[in-house]
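Please open the structure in the viewer and keep the selection panel at hand.

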Amino acid sequence: MTKRNRMDRMMSEALLLSLFSVGLQGLGLLFNVFLTRRLGAANVGAITLTGSFYSLAAVISGGSGFLAVSRFLSEEIGCGGNPKRIFRYVLRFCMVLSIAVSAVIFLLAPLIVQRFLPDTCSVGTVRMLCLSLPVAAVLACLKGRCYAYQRVIPPAIAEYIEFVVKSGVLAFCAVFLLPQNKMSVFGAFAVSMFAGQGSAVLFLAAVRIPHICEHPVCSCSFRRLLILILPMIGNACLVAILSSTNDALVPLTLLQYGSSTEEALSQFGEFEAIIIPTLFFPSVVQCCLSALLVPSLSRARTENRFDEIRMQTEKILEQTVSYALFIVLLIGQFGTQIGMLLGGNSFTGQILCKMAPVVPFIYLEIVLEGILRGLGKQNFSSLNYLAEYTVRISVLLICVPLFGFYGIVLSYMACNLTGNAVRLYFVLRVTELKPVWKRILGAPAAAFLCGMLAMYAVRHLAQGVTLLPVAAVTGGLAYWSVMYLLNRQPDSFTQKRITGNANCPNGRKIRSFD
């Protein structure tokens with residue numbers, strides 16, 4: 001398969017996954033709105049906080065199963081080894097780790113409830129969540145196996161099954177059981193998590209994997225694989241711990257500002273359940289690309305296709321920046337109306353408009369992390385996340401007691417600006433890519449100005465909100481028309497420029513991959 005065919009296939013798979021993800025995130029956003037109106041923002045904030053700590057436990061117990069399986073299976077397929085044995089190695093390790101962590105939490109459940117959750121969560125709820133941790137580890141490994149074999153549809157269907165079952169159980173509890181105090185909010189959350197993940201595991205376990213010619217000898221021993229997995233686990237645990245710490249500090253710092261406990265949880269729930277999902281909702285394309293980049297770049301690195309890595313990196317950067325600025329254009333112009341529609345108040349819309357400039361950095365983080373994982377740069381990713389969350393938590397502790405909710409916005413913007421600037425520099429240095437900044441930044445900036453002027457013109461002439469869809473369509477057409485006119489350079493020219501030397505089919509090697 002040629003470079004162009006491989007890239008086209010990856011893009012088509014990303015678009016297909018994006019269609020699935022758009023529907024799933026749209027349903028998730030609507031479900032969050034339903035829960036907020038049914039249970040109240042304070043309860044949603046408590047569920048979100050519980051989900052954050054559950055994610056931490058799942059990361060510690062899961063052993064980064066998805067990333068390990070998708071990366072190492074792809075490398076094994078690329079070098080003609082034995083991918084089935086690699087999958088058994090990773091699955092065995094993840095199961096042993098998850099069962100051990102679950103057993104420890106199960107035995108310590110009374111102490112955890114007594115010390116940290118005395119008035120909110122029961123021992124049975126904590127133990128129910130413990131039982132779902134091994135199920136989550138198996139689910140991650142099965143998803144990673146599908147991505148390694150380029151079977152992207154089954155994991156997407158599994159995510160729909162998980163969401164439908166999980167949200168259905170939680171909605172049933174919210175409508176029929178919670179109002180009558182027959183079940184707690186946390187108990188409903190635990191049951192829904194276990195039911196959703198269990199149904200997805202049953203589906204993926206029945207998926208058939210295509211047969212490929214494999215060597216009876218595996219290229220990597222179990223001991224060597226453990227050494228390679230440890231940085232992945234460290235990176236995932238570090239991110240989860242820092243994220244959970246940040247989430248736990250948000251209500252506490254809001255209390256220092258002068259907010260009540262219910263008001264602090266309400267603002268935190270509104271930020272996590274409405275504002276952040278709205279900003280991330282259009283990023284489904286980048287999330288799908290990031291998931292596909294890990295096995296694609298891992299296999300290309302194993303087969304020494306270095307120029308293809310550079311071409312993919314530059315193309316992904318161009319597409320991400322142009323798409324992100326288009327989303328900034330829409331949120332910046334219509335954030336108030338979006339906030340009124342989802343949150344029911346103008347405050348949500350104001351925060352959306354103020355956070356719109358950070359969208360390009362959020363979307364860049366998604367694809368840059370996929371590139372770093374595909375290149376095996378887990379150590380740098382861990383250090384960068386540590387520095388990024390240090391900035392975020394520092395700004396949070398300083399600014400939230402002074403400015404209240406706006407301090408959360410400042411902390412989020414500060415960590416994204418600093419962390420992703422470092423990521424971009426490191427990716428360009430490692431791949432030795434010399435990008436054309438006119439295509440990556442110049443063309444989207446010019447298109448952004450033209451689209452904004454077109455929207456302002458339509459809204460000024462209309463003088464009303466009834467023509468907002470017309471303004472959005474006009475601005476979008478102006479934006480993408482300018483992008484098309486400025487980026488008409490054929491891909492063959494880009495390939496010749498990156499390759500540089502026609503007598504060297506593999507091009508310049510990328511420095512120190514491993």
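A helix crossing is called left-handed if the near helix is turned anticlockwise from the far one by less than a right angle, and right-handed if it is turned clockwise. The model on display is a predicted one.

**First stop: a helix crossing**

Select helix H4, residues 83-107, together with helix H9, residues 222-257. Their axes come within 11 Å and cross at roughly 55°. Angles of 65 to 115 degrees count as roughly perpendicular and those under 35 degrees as roughly parallel; H4 and H9 are therefore oblique to each other. In the sense defined above, H4 passes H9 in a right-handed crossing.

Next, display the side chains at this contact. From H4, select Ile86, Tyr89, Val90, Phe93 and Leu97; these meet Phe222, Leu225, Leu226, Ile229 and Ile233 of H9. The residues of this contact comprise ten nonpolar, no polar and no charged.

Move to helix H3, residues 65-78, and select Ser70 within it. Is Ser70 buried or exposed? Its relative accessible area is 0%, so Ser70 is buried. Show the backbone of Phe66 as well: the side chain of Ser70 reaches the backbone oxygen of Phe66 at 2.9 Å. Apart from neighbours within four places in sequence, Ser70 is in contact with Gly144, Tyr147, Ala148, Val294 and Pro295.

With a relative accessible area of 6%, Pro295 is buried. Residues up to four places away in sequence aside, Pro295 touches Ser70, Ser74, Tyr147 and Ala148.

Most residues other than glycine have a negative phi. Against that background, two residues may be inspected.

Select Asn181 in the loop between helix H7 (153-177) and helix H8 (185-205). The phi of Asn181 is positive, near 60°. Asn181 has a relative accessible area of 70% and is therefore exposed.

Then select Glu432, in the loop between helix H16 (405-431) and helix H17 (437-462). Glu432 is not a glycine, yet its phi is positive, at about 55°. Its relative accessible area is 23%, so Glu432 is partly exposed.

Methods
Residues are numbered from 1 along each chain as its sequence is written. This is a predicted model: local features need pLDDT of at least 70, side-chain atom pairs count only at pLDDT 80 or more; totals for chains, interfaces and linings use all residues. Side-chain values use heavy atoms; hydrogens and water are left out. Axes are lines fitted to C-alpha atoms, for helices over the stretch in contact, and angles run from 0 to 180 degrees between N-to-C directions. Helices (H or I, at least four residues) and strands (E, at least two) are DSSP runs, numbered from the N terminus. Angles under 35 degrees count as roughly parallel, over 145 as roughly antiparallel, 65 to 115 as roughly perpendicular and the rest as oblique. Contact means heavy atoms within 4.5 Å. Ala, Val, Leu, Ile, Met, Phe, Trp, Tyr, Cys and Pro count as nonpolar, Asp, Glu, Lys and Arg as charged, and the others, Gly among them, as polar. Buried means under 20% relative accessible area, exposed over 50%, partly exposed in between (1.4 Å probe, protein chains only). A polar contact is a pair of N or O atoms within 3.5 Å; within protein, one must be able to donate a hydrogen and the other to accept it, and residues adjacent in sequence count only if both atoms are side-chain atoms.
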